[in-house]
Amino acid sequence: MQSYQLETTQTLQYHLADHYQIYQRVDLQNGDSHWQSMESPQPVTPLQKLPISSPKQFFFSERENLFSFDGECFRETVPEPEPFVLFGVQSCDLTAIAYQDQFFAEDPYYQARRKQALLVGFDCLTPCEYGFCHTVNAGPGVNPDCADIILHRQPGGDWLVLVSSLKGKQALRGLNLPAADSQALVGRDQQVKNCIEQFEQDPSLAQGIDQLSNETIDNDFWQQLGLQCLSCSGCTTLCPTCSCYGTRDFVDDTGQHQERFWDSCLYESFQREASQHNPSEEAGARLKRFWTHKFSQQTVKAFGRHGCVGCGRCEQTCPGVVGVHSTMKRIVAYQAESAPC
Amino acid sequence: MLSLTPMPTELVSYYNDSEDTRHFCFRLLDPEAIKKTQPGQFFMLHIPGIGAAPFTFTTPPDSRGVFYALIKSVGKVTRALFNQQAGTTLGVRGPFGTGWPIKTLAGQRILIVAGGCGIAPLVNLTETLLQQNSYQSLALLYGAGSQKTEMLKAQRLRWQQQMPMYTVLEAPGQSELTGTPVDVLDTVLGQLGEFPTALLLCGPEIMMQKMAVKFIDKGLAESSIWLSIERRMHCAVGLCGHCYLHHSYGCADGPTYQWDHYQRLSAGDTDPGLVIPSQI
Ligand SMILES: Cc1cc2nc3c(=O)[nH]c(=O)nc-3n(C[C@H](O)[C@H](O)[C@H](O)COP(=O)(O)OP(=O)(O)OC[C@H]3O[C@@H](n4cnc5c(N)ncnc54)[C@H](O)[C@@H]3O)c2cc1C
Ligand code: SF4
Ligand code: FES
């Protein structure tokens, strides 16, 4: 991995802006932040709070046309976006993009956007409120496999730039940055380690994940948990790895179309069939599926990792108490209670 | 890269086949679009501007791209299909899913049990088995509500010349056997003489559950039972998530499952609607 020193991120942003549409995180007054397209790049602020929406929609669009029909022919409506850069994505969301890259490997709509994107990652240096990325191997330092370029803020305010892909290397062409020394890399490791140490210890996370992967939790637990799920889809919408979608056909002046839109496996009607048979009528059954799917051994086998990247958004948004921290705590308590003395 | 865009397909003709059900003939405008299918595989039928739904090939596409499907009108897409005129262009994607284990069935005493519209995925299988004639014996037990809802009368009459056929109707007095396939199983087995070595099921999930459990109790190995399940489907390629059965996607790993596999998968789901064998 090549590494360089950078005084201010704007040097890099302006360089990239020549070739890419720039998107970056913009802080809102309420302390939240969101992803926005920038006319001119703005200075990057340290991450206070994870943006409530992940960059998932840049690739797996919240709503998009799949094909159109003109009465004779069906035409695939694959998007053709200009090259763009997501500037300053944290490691958990980058890990989620890498996960979805696998899931949507054969999806032409996802890949049409993905191939146009350059991912510039930011190492997190302080834990965010609900995050537990280090427990699920998704941060806080950016995994080089998940980004094209990694930026790391050094104690003096300068930046270490790591180039982690060919695309990243090509994007930096023409920008003559001084090389970083090996001490800078040691410094990065140390800062990331310090950050990990600052995370609040929550042993129920690792224990709960274990129980979920071994699928040892009985149905009574899920029935109880289901009582507190409002089937609102807040968690599945914000979750950067959730990928379920529904389809809808519609007609307009230009013809007949089919679109897809984010759906939620936690909706009561998600699996309901025309006969009204519904294999997952109970909220508990749906929660079981949601959580075992995130943490099952099958997922690890298929994707090389858990389907959760520890962003904590589900906990943050859940109006009930079935987000990740709450669920794990309850799993551990339930299993302790029902364990034979 | 996979495609979610349908291939233009002509609705050639149809005929009524019992109340609310029609046998449709379609033609792929590009006959090469679907080359090879296995009995039990399905396609997605798109009615432009309305929606899409999965249906099984009762006869797979021939060299002209002509194929058939038996379709019951139950909701939005199927009702819209019933309102289409012959000659209309619709869309088709496929073939999808896993078919019946044809090779494994060679040399076996096969019993097929179908309930209602569940006979659709078994039509092409029955025709293929009859044609190959590599089984030891083959019989069909078909259950329907009444004479009005019985399907495929013509085909079943033809099959009857070549294999034992049992029809059971729920409406009293309309057939020799009354009730559901589960109710009359012992009678049918008595008449069959030899106990089957392979059981193939398609129909309401609860019927398939009960039937499988009865056979397992009578000594048939779990791995000798196969079933085709219904699940809601939107993409048919393992992406949209709708058809899940625990860790499996019905559209890709199914809709045909070996009973023991299906059983393990459904035991993983908390579904009070599904009857776990020990509770029957
Ligand atoms: C693998 C497979 C093979 C099938 N083969 C046949 C067949 O050969 N003949 C036949 O008559 N029926 C078959 N079905 C059932 C058929 O797909 C449904 O009857 C049909 O989807 C109902 O759609 P609808 O719009 O009329 O009903 P609605 O209730 O209005 O359904 C609305 C939408 O929900 C979805 N949906 C609802 N029920 C189902 C369901 N059971 N399966 C999948 N999606 C559903 C569809 O996307 C549909 O467009 C099969 C189902 C599966 C899964
Ligand atoms: S399950 Fe929750 S914590 Fe895990 S990635 Fe999804 S939203 Fe984040
Ligand atoms: S129908 Fe979409 S995943 Fe199976």
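A residue counts as near a molecule if one of its heavy atoms lies within 4 Å of it. Keep that in mind and select ligand 1, which lies between chains A and B. Before going on, some ground rules: this is a predicted model, where local features need pLDDT of at least 70 and side-chain atom pairs count only at pLDDT 80 or more, while totals for chains, interfaces and linings use all residues. Residues are numbered from 1 along each chain as its sequence is written, chains are lettered from A and ligands numbered from 1 in the order in which they are written, and side-chain values use heavy atoms, with hydrogens and water left out.

**Stop 1: around ligand 1**

(Nonpolar here is Ala, Val, Leu, Ile, Met, Phe, Trp, Tyr, Cys and Pro; charged is Asp, Glu, Lys and Arg; the others, Gly among them, are polar.)

Zoom in and check a few distances. One nitrogen atom of ligand 1 is 2.8 Å from a polar backbone atom of Leu70(B), and a nitrogen atom is 2.9 Å from a polar backbone atom of Arg231(B). An oxygen atom of the ligand is 3.1 Å from a polar backbone atom of Gly75(B). On its own, ligand 1 has 830 Å² of accessible area, and the protein covers 88% of that. (Accessible areas come from the Shrake-Rupley method with a 1.4 Å probe; for residues, only the protein chains shown count as cover.)

**Stop 2: ligand 2**

Select ligand 2. Its surroundings include Cys239(A), Cys308(A), Cys311(A) and Cys314(A), along with Phe132(A) and Trp291(A). By class, this shell has nine nonpolar, two polar and one charged residues.

**Stop 3: charged pairs**

Side chains of opposite charge can pair when their charged atoms come close. A salt bridge is a side-chain nitrogen of Lys or Arg within 4 Å of a carboxyl oxygen of Asp or Glu, and the structure holds 18 of them over all chains.

Arg188(A) lies in helix H5 (residues 182-198) of chain A and Asp123(A) in the loop between strand S7 (117-122) and strand S8 (149-153), so the pair ties together parts that are 65 residues apart in sequence. Are they buried or exposed? Arg188(A) is buried, at 10% relative accessible area, and Asp123(A) is buried too, at 8%. (Buried means under 20% relative accessible area, exposed over 50%, partly exposed in between, with a 1.4 Å probe and protein chains only.)

Then jump to Arg109(B) and Glu194(B), another salt bridge, with closest N and O atoms 4.0 Å apart. Here Arg109(B) is buried at 18%, whereas Glu194(B) is partly exposed at 48%. For a network of salt bridges, select Glu64(A), Asp107(A), Arg113(A) and Arg260(A) together.

**Stop 4: a helix and what follows**

Select helix H3 (residues 120-132) of chain B. Ten of its 13 residues are buried, so it is largely enclosed by the rest of the structure. Leu122(B), Val123(B) and Leu125(B) are among them. Just after H3(B) comes Asn133(B), with a positive phi of about 55° although it is not a glycine. Asn133(B) is exposed, at 51%.

**Stop 5**

Notes: Polar contact = N/O pair within 3.5 Å; in protein donor to acceptor, adjacent residues only side chain to side chain. Helix = DSSP H or I, 4+ residues; strand = E, 2+ residues; numbered from the N terminus.
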